[in-house]
Amino acid sequence: MPPLRRILIANRGEIALRVVRACRDLGISPVMVYSEADRDSLPVRLADQALPIGEAPAAKSYLRSDVIIEAAIRAGADAIHPGYGFLAENAAFARATAEAGLVFIGPPPEAMQAVGDKVEARRLMSKHGVPIIPGLTDRAADTTSIAAFARQAGYPIVLKAAAGGGGKGMRVVRAEADLAGALRMARSEAGASFGDDGIYAEKLLEDVRHVEIQILADAHGHAVHLGERECSLQRRHQKLVEEAPSLAVTPELRRRMGDLAVQVARVSGYRNAGTVEFLLDREGRPYFMEVNARLQVEHPVTEMVTGLDLVRAQIAIAAGEPLAIRQEDLAPRGWAIECRILAEDPVHGFRPQPGRIRALRLPAGPGIRVDTALQEGDVVSLHYDALIAKLCAWGADRDEAVRRMLRALGEFQVAGIRTTIPFDREVIAGEAFRSGRFDIAWVDSRMDAIRARLLESDDREAERAAVAAAVASFEERSRSAADASRGATPDAWALAGRRAQMQGPAPRRGWARP
Amino acid sequence: MKVLARVGDREFALEVSRDGAAYQVSIEGREAKAHVEGHGAIRTVTLDQLTVETAAWPVAAAGDGTRGETAWDVVAGGRLQEVRLVDPLRAGRRGEDADHAGGPTEVRAVMPGKVVAVLAAVGQEVETGQGLLVVEAMKMENEITAPRAGRVTAIQVKQGEPVDSGAVLLTLE
């Protein structure tokens with residue numbers, strides 16, 4: 001297969017920028033597609049060519065597979081990188097891409113399907129000796145099979161969507177009396193989210209960690225694992241802080257879980273980069289949870305401890321190149337931590353914070369990596385995910401990584417919207433994170449205490465905040481008064497904006513670098 | 001400029017005036033000189049020789065939206081503080097309004113989004129904190145709760161309807 005020359009990136013935000021950068025590093029020409037909301041975004045600016053694909057809501061742009069494939073053909077691209085989310089795990093899109101004569105940078109559609117149905121995946125893994133969470137290996141027709149399982153395994157149990165993920169269609173059941181109602185709600189939520197209302201049940205494992213293994217598999221039958229990521233710090237099943245390696249994983253356990261993950265890749269016919277998620281109990285026993293058939297949000301921590309570029313590896317595998325690394329050469333070096341910076345208000349139940357970024361200062365310095373497409377003046381749109389930046393810190397050991405992360409969180413300034421930065425500081429500086437004593441329930445169970453501390457201030461801090469707000473307000477008033485007395489008209493940008501509103505959006509032609 | 005600043009349960013009476021490049025600040029009757037460096041929303045504020053970098057920006061007033069009151073977010077040293085600035089001439093009137101409690105309360109959208117569920121009905125008595133509506137934004141569902149106990153007298157939105165920030169969703173009496 002000839003090397004790829006031009007890649008269309010079917011995504012937005014930080015992950016689109018991540019792929020643009022990988023393309024540049026490989027001498028490949030990056031092409032972007034964009035919704036009306038992202039016309040002026042950083043990945044669009046840095047691409048060689050950019051094509052409009054529709055309105056801001058994802059269903060009218062980033063989820064339109066036919067429009068995206070057509071854009072790729074028009075741009076002369078030879079491959080599509082889907083990033084994560086949107087169409088990344090859509091087998092029909094992967095298939096349509098291939099049928100259009102383009103390379104899909106990700107797993108083959110058959111493998112995607114084999115691991116995409118959670119019930120099928122559980123059955124497949126169980127058959128090949130991979131330990132699964134105790135539970136049903138069939139979709140439940142009604143409450144009978146679930147109740148029988150729960151009586152034998154004991155409550156609490158959890159109902160999960162066969163087609164799903166991300167907490168949708170998921171319900172914890174603590175007593176048989178609640179089962180019928182929970183099943184009804186899980187079904188309707190799963191049906192609405194995935195178009196498939198199949199539900200199965202598992203024993204609820206509570207004091208466990210979420211530990212996942214990164215794998216790479218090429219088209220020539222070689223597969224390696226790149227060690228684990230610890231992702232137990234989650235709020236309502238959404239990961240907030242990740243690290244590699246995990247304090248809970250010994251070299252022996254890493255080898256064992258890594259072998260299991262490679263086994264999972266083999267039996268499902270997996271190719272390209274993927275992640276096998278496990279729950280790890282207190283005795284260090286891993287249970288297979290699911291496969292994420294794509295590049296993960298948290299891939300940078302693996303890159304930092306292995307020195308590999310995972311997007312580059314994805315592109316090489318998609319181009320048919322054999323893996324250039326051997327398992328015996330891989331061992332984590334140092335420690336890396338990632339904080340997901342979200343446009344959410346940590347003091348008010350993580351309420352979304354769409355709005356304009358008035359000022360932005362990104363952290364930097366030794367060991368710090370920031371993945372973000374944010375620019376001053378950008379509007380964080382309510383149409384997309386709230387992830388606005390990923391802040392990663394690397395250290396020779398975990399203590400150094402923690403100190404660097406705290407330093408970087410202190411440097412990070414975002415004005416205009418609230419972010420989760422204060423929450424991250426509180427968690428990373430806390431005793432539980434320092435000592436590594438946390439599990440998947442930790443964040444949710446400590447949320448009230450964390451929130452209370454976030455708004456705590458002493459008299460001096462409160463006084464200074466009062467002065468800062470009063471002076472800023474005074475300045476804003478004097479500025480608008482000065483504008484009024486000069487008879488100044490609104491600035492040119494505001495006028496242009498108003499004109500654009502009257503005339504409708506600017507021509508949607510897209511552009512190409514000359 | 002005279003202003004009352006409310007930070008949590010603390011209240012400060014301030015007077016700010018320009019003094020050359022600096023600001024003369026009278027805070028609770030104490031005189032201080034404040035230096036503010038930088039432009040845009042990230043500044044350094046020096047008060048009593050202590051310099052602290054802050055980011056301050058006005059936020060759309062949510063909920064009561066009392067006239068003459070503005071809300072500011074201030075981040076200093078990684079801590080977030082909510083500051084409400086109140087025009088002292090109007091602050092008294094707000095107190096009077098509170099005395100006439102029982103007047104209608106408009107529950108507004110704090111962000112643009114889509115109404116995915118209406119949990120209350122007109123005529124229903126609700127408790128403080130009870131869920132009234134669910135609004136979806138940024139792939140997240142957010143429950144809008146009752147700011148006080150009362151009776152729902154009007155629901156201005158329907159399920160599936162998009163709403164703008166500040167739009168009245170429901171009226172309580």
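At what angle do helix α7 (residues 143–153) of chain A and helix α8 (residues 179–194) of chain A pack, and how far apart are their axes? The two helices pack at an angle of about 125 degrees, with their axes 11 Å apart. The axes are lines fitted to C-alpha atoms, for helices over the stretch in contact, and angles run from 0 to 180 degrees between N-to-C directions. The model is a predicted one, in which local features need pLDDT of at least 70 and side-chain atom pairs count only at pLDDT 80 or more, while totals for chains, interfaces and linings use all residues. Residues are numbered from 1 along each chain as its sequence is written, and chains are lettered from A and ligands numbered from 1 in the order in which they are written.

Helices (H or I, at least four residues) and strands (E, at least two) are DSSP runs, numbered from the N terminus. α7(A) and α8(A) are oblique to each other; angles under 35 degrees count as roughly parallel, over 145 as roughly antiparallel, 65 to 115 as roughly perpendicular and the rest as oblique. The crossing of α7(A) past α8(A) is right-handed, the term for a near helix turned clockwise from the far one by less than a right angle, with anticlockwise giving left-handed. Thr143(A), Ile146(A) and Ala147(A) of α7(A) make the contact with Leu179(A), Ala180(A) and Leu183(A) of α8(A), where contact requires C-beta atoms, placed from the backbone, to lie within 7 Å. This contact has five nonpolar, one polar and no charged residues. Here Ala, Val, Leu, Ile, Met, Phe, Trp, Tyr, Cys and Pro count as nonpolar, Asp, Glu, Lys and Arg as charged, and the others, Gly among them, as polar.

On the α13(A) side, Pro422(A), Phe423(A) and Glu426(A) meet Ile450(A), Arg453(A) and Leu454(A) of α15(A). Four of the residues in this contact are nonpolar, none polar and two charged.

Val241(A) sits in strand β11 (residues 238–244) of chain A. Val241(A) counts as buried because it has 25 C-beta neighbours inside 10 Å; the cut-offs are 20 or more for buried, 12 or fewer for exposed, and in between for partly exposed. Beyond its neighbours within four places in sequence, Val241(A) is in contact with residues including Leu233(A), Ile337(A), Asp424(A) and Val427(A).

Gln24(B), in strand β3 (residues 22–27) of chain B, counts as partly exposed because it has 14 C-beta neighbours inside 10 Å. Apart from neighbours within four places in sequence, Gln24(B) is in contact with Ser17(B), Asp19(B) and Lys33(B).

The contact between the chains takes 38 residues from chain A and 43 residues from chain B. On the chain A side, α16(A) gives the most, with 15 residues. The residues of that side divide into 23 nonpolar, five polar and ten charged.

Conventions:
Two residues are in contact if their C-beta atoms, placed from the backbone, lie within 7 Å.
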